[in-house]
Amino acid sequence: MIHGDVKSSVWAKSDRDENGIVVGWLPLHQHLDDTMSVARLLVDHWVSPLVKATIERDVPDSEAGVRIITCWLAGVHDIGKASPAFACQVDVLADRMRDDGFAMHPRLVDDPNRRAVGHALAGHWAVRDWLTDEAGFDFASNAAQWASVVGSHHGVTPEESQLAVVDSSSHLTGSNVWETTRRSLLARATKHSGGLDAIRGHAQTSLSLPTQVLLTAIVIVADWIASNSELFPLLPLSTTDFEASDSVTADRAKTAWATLNLPSTWAPERFDGDVDQFFRDRFHLDAGARPVQAATVAAAVAQTEPGMLIVEAPMGAGKTEAALLAAEVLAYRSGANGVFVALPTQATTDAMYDRIRAWLNRMPSPHQLGLNLAHGKAHLNDKHAGLVRSGRFAAVGEEAESVVAHWWLSGRKKAGLASFVVGTIDQVLFGALKSRHLMLRHLALAGKVVVIDEVHAYDVYMSQYLHRALHWLGAYRVPVVLLSATLPDERRAELLSAYDSGRGIREEPPAEHPGYPVVCGTGGLTPRAIELVDSSTEVALDHLDDDLDTLITYLRWHLRDGGCAVVVRNTVARVQETAGRLAAEFGTDTVTISHSRFLACDRARIDADLVRRFGPPESAPDRPALHIVVASQVVEQSLDVDFDLLVTDLAPADLVLQRLGRSHRHRRSRPAGVETARCALVGVDDWAATPVTAVPGSRRVYGEHTLLRSAALLVDRGSLRLPDDIAPLVQQAYSDRPLGPPSWRDRMQVAATSADTRSRRRVDRAQTFLLGEVTASDTLVGWLRAGVGDVHEDNPQGAAQVRDGAESLEVLVVQKDADGGILTPSWIPGGRQQIPLTEVVPIAQAKVIAACALRLPVALSHGGVIDAVIAELEQHHFSSFDQNPWLKGQLVLPFDEHRRAELHGYTLTYDLRRGLMHERI
């Protein structure tokens, strides 16, 4: 039957039962109507005003124009399904169409060229031609821009070569009745979105690349919702005619939207000017705002337009709270309706998640606000998992919460779309990586205030992606807040320039150092120096020989009356060696070990235990009288822990300072031997050498250049005054000026040359999958050329691209039983459970297995061996894992009953206290 010149036999959706028999279907015109209705609801009730403002800059009639264009594109996104190449895929539905006059070869489904004419590409081709012929658009520019949105709605942008194939494949695209049908569907969408005159009114509208990206993302979201058969039911196969009236479509959309029940968007309140009360309201502390917080809020108020703020202040000065207060001010002024907080690691992200949830629970809002945790192990976080209940909202804890985790806004590609997101820095860096569905990552960031913590922690390779991400955020006018203990002047200038470049602004960096602590920003914001009151701390520096006997003597003396010390090593091997000796000397119960080579569940337990015992006085009631933590770099970033004494391997100067922030961090009573702050520097062969040389493991991690400059700055220092010395030390460490005595110069010059060569290579290597700039092209055609496909943190290809190989490989650990089966590890909660080998792994057990993720050492994951190691691991294949989405595609490493395994010439042993050990066979 024909409805408005569109034959209802033209299908878009089908469904099969467990036997593979087609039982349901949906006409194409109804799916297009459904998607347009959802797009209209999204624009009216869900899309951020900041996102709409970006599109409105390109579109006449502002809000009305955005609505018309978005709805029209959603209403035609699947127009390419009206083609033989698509319609032939389901025999029973294809036969109906043949009976209705649609000619297609009976064996077309086997045509080797059919897949080259996907419906997204066919849609691009059809839309471009129709806009040119019927609406007066320019074929090569305006029409191509709108068409590229349609062509990209599956998350992959078209290539010109692909479009040329479509243009020459009439037997696959279809002519005559096929073309008539497509034009009727295009006319139908035009009528429902405002009429032909409204579309013609945009014939001269040029859409920028950022606008095309955001429009594509909205269309994708609308399509995904409209394609959910629980929300938009399909028809029984027996239904051969369907009256697609406006009232039917309206009823379907109303019911689906109510069932979906997305969380209400955040409407930030206007800041009334009282920063002290603002601080007390949000953090329930009696004191008013600290100087860093007051200065940051003042800078946010002073910015005349959305831009970037960089907050540089000492460790423990309250930068996180400053960023959250500023985010509220910036959101209100910009139209942002959410906040994205990015941190260096999954562990620091989990710790921040609780703080963000507490902040949101104190925020005045008439509705519950959507909150998500975004990283590869988010489903293993019990506190977040408690917020997610399929099909409904659920709160954590006994008291009602202001936050919810919505069932639909979950998963790797949709989690970032929630109003408030706490995630790893990878989630931001992926926004600059050419990958499938990149548009959704941009939509997830483009409507929020983005806060990036520990911005000094990202190396030259990661910085290429960070700079490009900031470039796009600048184009979207996204307010950004960067936090750091301090930055080299050159690094700060690079970050500011990257953001401004997205807006087409090229400014010379300020010639003078802005001072410290300080808040800087784009848009000509005058740097705001921060005066810290009574916060200066003198830290005594001791230079120790790098042997364990000396370390033990030092610790015994300073901990003679008790106290809590942390020993920070630059490699896991040094952590394990040191911890073993200290446990023998001080007792096993007195030494805790923390590094990255524990099972994920064990690592989470260790991190939580560190915060519980060594966190702020009000939240750490179980602080021991005497204890030593031996840790890798995992303690230097974002963990709010406080020790009485610090011992650290020599590291780059800024990281030494960062580690100092974990000593005497909070006001508390301390034992006599550690009443004053003290740090022992270790990890060098000889402090009297010319020059001072770090141990080999440290040089492998950081390179010799930065370690030599750090040694030159610290070798003769008997103390440091914090925060006074922070900025001068960092500026000297990263400047080009010579450091150290003349006898060091030759060695330092060689190291500098080597570091510069290595840095240039890493910058060049980062370009391979780096997204282009906002002016790189006029349309989305070719935007993701040579991309990496689907990426996420657990996908080695994706993580490696933004972290320069990541230098690690992750496996899931199981244990073998005597009968050839496998068990969950015996030492974890829920351990020694039999795991099915061929049947589906139950969800509860899959969660336990996924929590047993373990990172292998560099010896088994560097570029020279990783392919061979993966091939060896792939021999442990269990079909049961492939049937579970949490386990599918993961590498598995079975240990024996003694927690041992052999892999690529190494014996691996999992020690319950020291983590993964490895030695050559």
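How many salt bridges does the count come to by the rule used here? The count comes to 42 salt bridges. A salt bridge is a side-chain nitrogen of Lys or Arg within 4 Å of a carboxyl oxygen of Asp or Glu.

This is a predicted model, in which local features need pLDDT of at least 70 and side-chain atom pairs count only at pLDDT 80 or more, while totals for chains, interfaces and linings use all residues. Residues are numbered from 1 along each chain as its sequence is written, and side-chain values use heavy atoms, with hydrogens and water left out.

Arg-107 pairs with Asp-110, and their closest N and O atoms are 2.8 Å apart. Are these residues buried or exposed? Buried means under 20% relative accessible area, exposed means over 50%, and partly exposed lies in between (1.4 Å probe, protein chains only). Arg-107 counts as exposed because its relative accessibility is 55%. Asp-110 has 48%, so Asp-110 counts as partly exposed.

Now take another pair. Glu-773 forms a salt bridge with Arg-468, with the closest N and O atoms 4.0 Å apart. This pair links distant parts of the chain, 305 residues apart. Glu-773 is in the loop between α30 (745-766) and α31 (796-802), and Arg-468 is in helix α21 (residues 460-475). Such labels follow DSSP runs, numbered from the N terminus: helices are H or I with at least four residues, and strands are E with at least two. Glu-773 is partly exposed at 31% relative accessibility. Arg-468 is buried at 17%.

Next come Asp-642 and Arg-670. Their side chains meet in a salt bridge of 3.0 Å, N to O. Asp-642 lies in the loop between β20 (626-631) and β21 (645-649), and Arg-670 in the loop between α26 (653-660) and β22 (678-682), so the pair ties together parts that are 28 residues apart in sequence. Asp-642 is buried, with a relative accessible area of 0%. Arg-670 is buried too, at 11%. Salt bridges that share partners join Arg-623, Asp-642, Asp-644, Arg-668 and Arg-670 into one network.

Polar contacts are another kind of link. A polar contact is a pair of N or O atoms within 3.5 Å; within protein, one must be able to donate a hydrogen and the other to accept it, and residues adjacent in sequence count only if both atoms are side-chain atoms. Asp-609 sits in helix α25 (residues 600-614). Its side chain makes a polar contact of 2.8 Å with that of Arg-613. Asp-609 is buried because its relative accessible area is 19%.

Arg-441 gives a second example. This residue lies in helix α20 (residues 438-446) and is buried at 13%. A polar contact of 3.4 Å joins the side chains of Arg-441 and Gln-427. Ala-415 is 26 residues from Arg-441 along the chain, yet their C-alpha atoms are separated by 9.6 Å. Ala-415 is in the loop between β11 (403-404) and β12 (420-424), and at 9% Ala-415 counts as buried.

Two more places are worth a look. Leu-908 is in strand β30 (residues 906-911). Leu-908 is buried, with a relative accessible area of 0%. Trp-557 is in helix α23 (residues 548-558) and is exposed at 53%. The C-alpha atoms of Trp-557 and Gly-673 are 7.6 Å apart, although the two residues are separated by 116 residues along the chain.
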